[in-house]
Each structure stands twice: as structure tokens, then as C-alpha cells.
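I set out to read one protein chain from its overall fold down to single residues. These notebook entries record what I looked up.

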Amino acid sequence: MFIDMVVFEGCSCSGKTTMMSKVNKESDYKWCLVDRGNISGVIENKRRGRDNWKNREGMLKRSLREGMGVVYIIVDTDLSIIKDRFEKRGDEIVESVEELESEFNDWSKYYEENEWLNNNIKVKKVRDWKECISYLNWLENNVSDNRSFSFGRSNNEMEKRYREYERWSELKKKDCVMYFGKY
């Protein structure tokens, strides 16, 4: 799969910018990285009671189904770490720890309730930059996208390869071994 763009998603203070910087540095600026996209747009518009969240969700679904080369990375950070970051540096939009916790809960709920999102090969929750680079390299080397294949649809072979990646990833984590560019 040729990756045109990687969109980093997550709630405020989850570490998106930090992860993007580390991925850029460690991958020698291999991919075009973007801070927040359609997933954030959907969740934020829902939180604010705006009706256009449905339009954003439609754009997101089309992007996952038809948007070749776009991958969404959801930064998966514990709430305690997010709260610590907020206490240390604050945030331009979020005004309180309670609001931050509410945003975190809305993110968790949206991801868990939408199987079409959490079962899509172009969306991956990651805990650190090593896992992110590992997954992006795996996508590039193992998933064919010849620009005529639609990713958002179910495909037995793709699901099989994704499950192989998950098993392989768990074994690598247990061995604490990560080699970049060799996946």
C-alpha cells in the first residue's frame, strides 16, 4: 500500500504532536503526517451539539472506503497521563480537567461503538511511536492497493493478513524486539 497521508487522531493532550515528531524523525520524514482529521471532526461536532457531525462521519466513511493512501492512527494514551499533560501545559481549547475527561470518554465511546471504524485496516490504535512505524511499514509491505482496490470493504485475504500482523506484533512485543524497515 502506498501511504499518501497519515492522520493522527486522539483527544486533547493525548500526545499526537509528540508522536508525530518522533515518527517523522525516526522514519526520516517518510510520510506526510497530519494532526487531526475527520474522526476528530465527528467527535468534536457531536460534543458541541452540531448537526454537521453526520456530514463529517459520511466523509470519514468515504475516506475509509475509497480514499486510497490515507491511514488514521489513533493515539491510545491512558487518562491519567492525559490529565498530567493538561496540568503541566494546559490546552488552547479544553478549559478544565473535567472537560478533558469528558472528551476522553467521548473518544473511547465513539471508537468502541463503531465497529466499521475499529475493524478497518486503515485505522489503528497505537500506544507509542515504535508501534506506529511498525504498523505503517507493515501496511506498505503487505497490503496491495493498486489504486483500484477499495479498502473499506471486507476481504478474507486482507483480514487474514491483518490477523497475521496482530499475532506477529504480539510476539514481537513479548520479545521486546523492534526492527524498523524490515517488516
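**Entry 1: Ground rules.** I am working with a predicted model, in which local features need pLDDT of at least 70 and side-chain atom pairs count only at pLDDT 80 or more, while totals for chains, interfaces and linings use all residues. Residues are numbered from 1 along each chain as its sequence is written, and side-chain values use heavy atoms, with hydrogens and water left out.

**Entry 2: The whole chain.** I found 8 helices and 4 strands in the chain. Helices (H or I, at least four residues) and strands (E, at least two) are DSSP runs, numbered from the N terminus. Along the sequence I read the pattern β-α-β-α-α-β-α-α-α-β-α-α. I then looked up burial, where buried means under 20% relative accessible area, exposed over 50%, and partly exposed in between (1.4 Å probe, protein chains only). Of the 183 residues, 46% count as buried. I also looked up contacts, meaning heavy atoms within 4.5 Å. Among the contacts with a separation of 6 or more, 73% come from residues 24 or more positions apart.

Entry 3: In what order do the 4 strands of the open sheet lie? I noted the order 2-1-3-4, with parallel pairing. Two strands are taken to pair if DSSP finds at least two bridges between them. Strands of a sheet pair through backbone hydrogen bonds, either parallel or antiparallel. The edges are strand 2 (32-35) and strand 4 (123-126), each of which pairs on one side only. From one strand to the next the twist averages 25 degrees; for such angles, axes are lines fitted to C-alpha atoms (for helices over the stretch in contact), and the values run from 0 to 180 degrees between N-to-C directions.

I went through the pairs in turn.
- Strand 1 (residues 5-9) and strand 2 are joined in the parallel sense by 4 bridges, and Met-5 stands opposite Cys-32 in strand 2.
- Strand 1 and strand 3 are parallel over 5 bridges, and Phe-8 stands opposite Ile-73 in strand 3.
- Strand 3 and strand 4 run parallel and share 4 bridges, with Tyr-72 opposite Val-123 in strand 4.

**Entry 4: Strand 3.** I checked burial here and found 6 of its 6 residues buried in strand 3. In a regular strand the side chains alternate between the two faces of the sheet. Val-70, Tyr-72 and Ile-74 lie on one side of strand 3, Val-71, Ile-73 and Val-75 on the other, and all are buried.

**Entry 5: The nonpolar cores.** A nonpolar core is a set of buried Ala, Val, Leu, Ile, Met, Phe, Trp, Tyr and Cys residues joined through side-chain atoms within 4.5 Å. Which of the 24 residues in the largest core touch the most other members? They are Ile-39, Leu-60, Tyr-72, Leu-117 and Val-123. Two or more residues each come from helix 2 (38-47), helix 3 (53-66), strand 3 (70-75), helix 4 (79-89) and helix 5 (97-113). Helix 5 gives the most, with 6 residues. Apart from this core I noted another, of 21 residues, among them Ile-3, Val-6, Trp-31 and Val-143.

I returned to Val-123: leaving out residues up to four places away in sequence, Val-123 touches Leu-64, Tyr-72, Ile-74, Tyr-111 and Leu-117.

**Entry 6: Helix 7.** The expected span of a helix is 1.5 Å times one less than its number of residues. For the 14 residues of helix 7 (residues 129-142) this gives 20 Å, and the end C-alpha atoms are 20 Å apart, which agrees. Helix 7 is largely enclosed by the rest of the structure, because 10 of its 14 residues are buried. The buried residues include Cys-132, Tyr-135 and Trp-138. At the N-terminal end, Asp-128 caps helix 7, with a side-chain oxygen 3.1 Å from the backbone nitrogen of Lys-130.

Entry 7: Gly-69 sits in the loop between helix 3 and strand 3. Gly-69 counts as buried, because its relative accessibility is 0%. Its C-alpha atom is 6.3 Å from that of Met-5, 64 residues apart along the chain.

Beyond its neighbours within four places in sequence, Ser-40 is in contact with Glu-9, Gly-10 and Trp-107.

Asn-105 belongs to helix 5 and is partly exposed, with a relative accessible area of 41%.

Conventions
Polar contact = N/O pair within 3.5 Å; in protein donor to acceptor, adjacent residues only side chain to side chain.
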